[in-house]
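My entries follow in the order in which I made them.

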Amino acid sequence: MMERNGMDWIKKEIEIPNSVQKKADETLNRIRGQAANGQESGKKKIYRLQGGRRKSVIAAILAAALIVGTATVGIAAYIASMSAGLKDSLNVSDEQEQQLMAEGDLVQDLQGSDSARGDGTEEEDGLNATSVTDQGVTITANQTIMDNNGIWIAFAIEGFTYDTDTSPFIRDIDFSIENAQVSSMNGSYYTEEGLEYIMVLGVEDNDASLVGKRITVTFSGLGEAVEDKEKGWDEEVTVDGTWELSWILSGTGQSREVELNAELGDTGAVVQDVEISPTSIKIHYIFPRAESEIQTAGGNTAHTLEELPAFSGVVLKDGTVYIRIVNGGSEGYEPDGMTYVSTKRFSGVFDPEAIDSLLFIRPDLNLVGEEPLTLEDMFVVPLED
Amino acid sequence: MEGMMRKKAIGGDPDAFAELIQSQMQAMYKTAKAILVNDEDCADAISETILTCWEKRRQLKEEKYFNTWLIRILVNKCNDLIRSNKRLRFVDEIPETTAPSTVEQNVEFREALGILDEKYRLIVILYYVDGFKTREIAELVKLPEATVRTRLSRGRKILEKYYTSQETGTQKARRKLI
């Protein structure tokens with residue numbers, strides 16, 4: 001649902017001019033008549049233009065609808081449970097897992113979905129590889145959770161053994177998404193049930209959805225890592241293989257956009273608008289870039305940016321408060337020096353429609369580290385009036 | 001209920017299709033009006049859109065996207081009309097060929113479109129009337145999403161400023177949080 005605060009007047013019903021309504025009615029009556037006679041309409045046009053551009057735009061729209069539709073059918077047929085690693089990384093409960101799998105839109109199963117395998121053409125099928133075996137080890141991209149700001153990917157690693165006194169280690173990981181800029185990559189290993197590598201990619205502002213774009217991830221060198229308290233990590237490659245996986249991204253890009261224009265106390269910061277996805281949030285602040293002087297420990301003068309109230313958590317419509325839910329992200333000023341864009345990943349999965357308010361930390365708290373916080377330490381920004 | 005009607009319409013039920021179209025007439029007319037000069041052109045564009053949607057309905061895989069799909073086609077039809085050189089672009093001073101409505105809401109809506117520069121008009125309508133997301137608008141009008149957001153914000157401010165100056169003794173204030 002969209003929040004369009006303060007512009008309700010533009011949605012008021014207006015009188016449709018007779019000429020417009022009459023022509024629409026005539027067209028609909030002709031459609032009814034032809035349908036009753038077993039004919040399709042379109043044999044006689046009121047006004048028809050020729051133009052290659054018009055056809056290609058409509059084809060693109062229909063192709064986009066096709067990709068989304070295909071992914072949904074694939075999920076309903078194949079997914080039974082969520083990847084253990086994804087579930088652990090996103091703190092998903094058993095109950096929430098059941099709900100997510102039943103809804104079928106957010107968690108994409110690459111091994112059962114047609115969309116990951118491309119559009120069915122010989123060229124696309126040849127490019128797609130969601131499971132690769134090299135040197136006796138198979139790496140498989142199993143599931144993804146994608147929203148507008150990034151992607152969680154669960155990779156299963158099979159056939160690889162490592163000493164239990166060590167940790168698994170991957171020497172090199174390369175990744176790219178067609179026509180999109182990846183701003184961050186984090187990864188972790190999940191070893192409770194088999195071995196999984198859970199990757200999360202943050203994506204910069206894009207002009208279009210990631211649905212339908214090609215992603216390529218290349219792993220090189222598997223091995224073991226041991227922590228040496230003095231020397232740091234000692235890493236050794238034991239399987240010198242290369243695994244290049246590539247597929248077409250699918251998902252629905254569910255999000256909730258809310259225009260807020262909410263001032264955060266006397267900080268001078270305004271939350272202009274937010275886009276909330278199930279696993280992340282993108283916030284546009286208006287906060288003119290300003291620096292202040294500080295004295296360093298060495299007695300020198302340095303400049304630091306004025307502190308912006310950072311997003312921290314949410315309050316749900318049922319009253320549940322999640323004070324700290326941020327798990328990484330990226331942020332920075334746009335070229336105008338006024339708009340500050342902050343993209344934060346959640347440490348869980350939230351239904352954007354279930355969120356009542358956003359929580360921003362007051363900057364005057366002088367926090368050091370992960371101190372316990374309460375609602376009194378927050379600016380509370382309701383999403384609805 | 002609306003979902004059921006959409007499914008029936010896409011399935012080929014002409015009565016359900018007609019009902020669905022009628023439910024979208026407000027959105028279609030406002031969108032067409034944001035692009036075209038007069039009501040005759042709006043009528044043509046809407047009629048063409050209805051025909052195309054009926055012809056292509058089976059190609060829509062997800063019925064829940066019907067409304068946005070309909071408006072996308074309409075925007076393209078309007079742009080086709082402009083490019084055809086048989087119609088004039090929206091210019092503030094070109095009079096209606098038929099007498100404009102004097103209904104208050106129509107006057108208010110027409111004034112709103114009139115004070116907005118062309119580059120804000122369609123974006124404001126697509127967002128506030130048709131419920132498009134900024135990313136969808138960016139795809140449709142072929143602009144970066146950041147530009148769409150900026151134009152949306154500026155368009156809204158222009159409208160707010162205009163209507164605030166029209167109100168007597170009242171002023172909208174930003175929400176302030178403590």
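**Entry 1: a salt bridge between chains**

I looked up Glu275(A) and found that it forms a salt bridge with Arg135(B), the closest N and O atoms being 3.4 Å apart; the term requires a side-chain nitrogen of Lys or Arg within 4 Å of a carboxyl oxygen of Asp or Glu. This pair crosses between chains, running from strand 11 (residues 270-277) of chain A, which holds Glu275(A), to helix 8 (residues 134-141) of chain B, which holds Arg135(B). Helices here are DSSP runs of H or I with at least four residues and strands are runs of E with at least two, numbered from the N terminus.

**Entry 2: ground rules**

I note that this is a predicted model, in which local features need pLDDT of at least 70 and side-chain atom pairs count only at pLDDT 80 or more, while totals for chains, interfaces and linings use all residues. Residues are numbered from 1 along each chain as its sequence is written, chains are lettered from A and ligands numbered from 1 in the order in which they are written, and side-chain values use heavy atoms, with hydrogens and water left out.

**Entry 3: helix 1 of chain A against chain B**

I next looked up helix 1 (residues 18-36) of chain A, which packs with helix 2 (residues 14-23) of chain B at an angle of about 165°, their axes being 9 Å apart; axes are lines fitted to C-alpha atoms, for helices over the stretch in contact, and angles run from 0 to 180 degrees between N-to-C directions. The two helices are therefore roughly antiparallel, a label for angles over 145 degrees, whereas those under 35 count as roughly parallel. The contact (heavy atoms within 4.5 Å) involves residues including Leu28(A) and Ile31(A) from helix 1 of chain A, and Phe17(B) and Ile21(B) from helix 2 of chain B.

Helix 1 of chain A also packs with helix 4 (residues 39-56) of chain B, at about 25° and with the axes 8 Å apart, so that this pair is roughly parallel. Among the residues that meet are Leu28(A) and Ile31(A) in helix 1 of chain A, and Ile50(B) and Trp54(B) in helix 4 of chain B.

**Entry 4: a helix pair within chain B**

I then turned to helix 3 (residues 25-35) of chain B and helix 5 (residues 66-83) of chain B, whose axes come within 10 Å and cross at roughly 30°. These two helices are therefore roughly parallel to each other. Met28(B) and Ile35(B) are among the residues of helix 3 of chain B that meet helix 5 of chain B, where Leu74(B) and Ile82(B) are included.

**Entry 5: confidence**

I recorded a mean pLDDT (the predictor's confidence in each residue, from 0 to 100) of 77 for chain A, with 74% of its residues at 70 or more, and of 79 for chain B, with 80% at 70 or more. In chain B, confidence is lowest in strand 1 (residues 175-177), at a mean of 27, and highest in helix 3, at 94. For the complex, the predictor gives an ipTM of 0.83 and a pTM of 0.54.

Methods. Parallel < 35°, antiparallel > 145°, perpendicular 65-115°, else oblique.
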